[in-house]
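Subject: Structure handover and findings

Hello,

Here is the structure for you to look through. My notes follow below it.

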Amino acid sequence: MEEIDFIKVVKNEIKDKNLKYVILTFGCQLNENDSEKIAGMLEEMGYSKTDIFENADLVVFNTCCVRENAEERLFGKLGEIKKMKETRNTIIAIGGCMMQEKSMLDKIQKSYKYVDIVFGTHTLQTLPEDLYKVIVKNEKVKEVIDIDGEIIEGLPIKRNDKYRASVTIMYGCNKFCSYCIVPYVRGRERSRSPEDILNEIRDLAKEGYKEITLLGQNVNSYGKDKFKYCKNVDNPEINNFAKLLRAVCDIDGIEKVKFMSPHPRDFTDDVIETIRDCKKVTRMIHMPLQSGNSKVLKEMNRGYTKEEFLELAKKMKDNIPDLNLSTDIIVGFPGETEEEFDDTLDVVRKVEFEQIFMFIYSKREGTRAAARVDQVPEEIKHKRFDRLKELYDSQVELQNERYIGTVQSIMIEGPSKNDETKFCGRTDSNRVIVFDPTGKEKIGDIVNIKITENHKWFLSGEIV
Ligand code: 5AD
Ligand code: SF4
């Protein structure tokens, strides 16, 4: 039977039962996007969504393993749900990155025997079949493969938002940064065919979506695999990220294009020129620094030095007017000294990032950095984290002031929480903006707001 047949059989089996599902998503936007596909398949089978955990007949965990705290949260939730299994016979499915780790898979199978379905990052599409086996045949299912799965197209999708949509353009990662588990659990870089991506975005535009976020672990490596994991490639001339970005911007109806995440090493001039030329591309670009010290960067296998990163940031800012950068930083990488950490602070002072996602180094078994004997003690990692946060907070206050007088293009999200007569939205840099509507605007519209006041936690302004 094909997956589509399993959808039909399950649908028939559960019809009139009014069954409900909950999906708990951990981790990054790629996982969020996978969860939208899981929701798409479940709704096609006749399940409907509930936000109340206790009312669910099926709970799906879409897991992450990039840092340790995601694991702790999962095990906490699994403990809570055990009772539901006993009283309601809720079906429990766990999928995603963590299930690609052998030690985690063993732990689930040994200590959490009440879990019904385990699936990996490459086996999402077998969920209908897995459910069929559990519901019809009363079996437990484990569908994890550690080869690099072929790209599956055409899965149904139930999106979380009406105006903003994420579109995965590539899966996996080949970079093998020494601290990171992603290449081991998500496999090799696999680009979707340009035509599949563009068709998906054209359809989204027809449905009224205005903002698209292109997703991948390394979006600017797009096309480097020469599309060898795709079934068909109809548009082979779009063979790199810059060309894809241009093609996406050419789609009528799409007003804003974002992407997440690029790698500094692959941020080539053609990508910079494309962003400069295509006004639809957000002026907020995420550029993960990880560390500001060249020795640490080398040990992280990042492929650039402190100076090269600074040069790239300058080149981007010189070429793209009004550009803002956000970044990821890891503190306490094994062997990192106080002086080396100071280099990270130095880059933060120089680049003045709009947003910094800060992470305390977390040891991931199987990675090169985890095997090092010179791990940084916890309290030192925390102290460094606090110093970085203090520097960043002081910069944010100054940056808020710099917004005054600028014009920001934002999508209207709805009435302001504190004052229902006003509307609010967010800048690309995630700052909340509140303004008085003129009466003509509606939710989902993109409007230009001239910022007039800084209220610390939000900015206010007027429509121009
Ligand atoms: N410890 C801490 N942070 C990590 N990241 C990836 N692996 C680790 C790790 N082992 C961070 C990086 C990456 C972000 C998604 O997560 O900063 O850019
Ligand atoms: Fe992990 Fe590095 Fe790949 Fe990003 S580029 S997913 S940090 S290995």
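Let me start with one helix residue. Leaving out residues up to four places away in sequence, Q395 touches V348, R349, E352 and F353. Contact here means heavy atoms within 4.5 Å. Q395 sits in helix α13, residues 378-403. Helices are DSSP runs of H or I with at least four residues, strands are runs of E with at least two, and both are numbered from the N terminus. Q395 counts as buried because its relative accessibility is 9%. The cut-offs are these: buried is under 20% relative accessible area, exposed is over 50%, and partly exposed is in between, with a 1.4 Å probe and protein chains only.

Some ground rules. This is a predicted model, where local features need pLDDT of at least 70, side-chain atom pairs count only at pLDDT 80 or more, and totals for chains, interfaces and linings use all residues. Residues are numbered from 1 along each chain as its sequence is written, chains are lettered from A and ligands numbered from 1 in the order in which they are written, and side-chain values use heavy atoms, without hydrogens and water.

Domains

The chain is divided into domain 1 (3-135), domain 2 (161-282), domain 3 (291-401) and domain 4 (407-463). These bounds come from an automatic or database domain assignment. The centres of domain 1 and domain 4, taken over C-alpha atoms, are 37 Å apart.

Ligand 1

Ligand 1 is surrounded by V66, R67, Y179, Q290, D328, I330, F359, I360, Y361, S362 and R364. A residue is counted here if one of its heavy atoms lies within 4 Å of the molecule. By class, this shell has 6 nonpolar, 2 polar and 3 charged residues. Nonpolar covers Ala, Val, Leu, Ile, Met, Phe, Trp, Tyr, Cys and Pro; charged covers Asp, Glu, Lys and Arg; the others, Gly among them, are polar. Strands β13 (324-331) and β14 (355-360) each supply at least two residues of the shell around ligand 1.

Which atoms of D328 and ligand 1 lie 2.6 Å apart? They are a polar side-chain atom of D328 and an oxygen atom of ligand 1. The backbone also takes part. A polar backbone atom of Y179 is 3.0 Å from a nitrogen atom of ligand 1. A backbone N or O atom of S362 lies 2.8 Å from a nitrogen atom of ligand 1. On its own, ligand 1 has 400 Å² of accessible area, and the protein covers 85% of it. Such areas come from the Shrake-Rupley method with a 1.4 Å probe; for residues, only the protein chains shown count as cover.

A polar contact is a pair of N or O atoms within 3.5 Å; within protein, one must be able to donate a hydrogen and the other to accept it, and residues adjacent in sequence count only if both atoms are side-chain atoms.

Ligand 2

The residues around ligand 2 include C173, C177, C180, H263 and R302. By class, the ligand 2 shell has 7 nonpolar, 3 polar and 2 charged residues.

Helix α8

Helix α8 (residues 241-249) is largely enclosed by the rest of the structure, because 7 of its 9 residues are buried. Those buried residues pack against α7 (194-206), β10 (211-215), β11 (256-260) and α9 (269-277). N240 caps the N-terminal end of α8, with a side-chain oxygen 3.2 Å from the backbone nitrogen of A242.

Most residues other than glycine have a negative phi, and most peptide bonds are trans.

- M260 and S261 are joined by a cis peptide bond, with omega about -10°. S261 is in the loop between β11 and α9.
- N301 has a positive phi, near 65°. N301 is in the loop between α10 (294-300) and α11 (306-319), and is partly exposed at 27% relative accessible area.
- D322 also has a positive phi, about 65°, and is not a glycine. D322 is in the loop between α11 and β13. D322 counts as exposed, at 66% relative accessibility.

Two buried loop threonines

T123 lies in the loop between β5 (117-119) and α5 (127-137). T123 is buried, at 4% relative accessibility. The T123 side chain reaches the backbone nitrogen of G120 at 2.7 Å.

T427 is in the loop between β16 (423-426) and β17 (432-435). T427 is buried too, with a relative accessible area of 3%. Beyond its neighbours within four places in sequence, T427 is in contact with Y403, Q408, I410 and I433.

Best wishes
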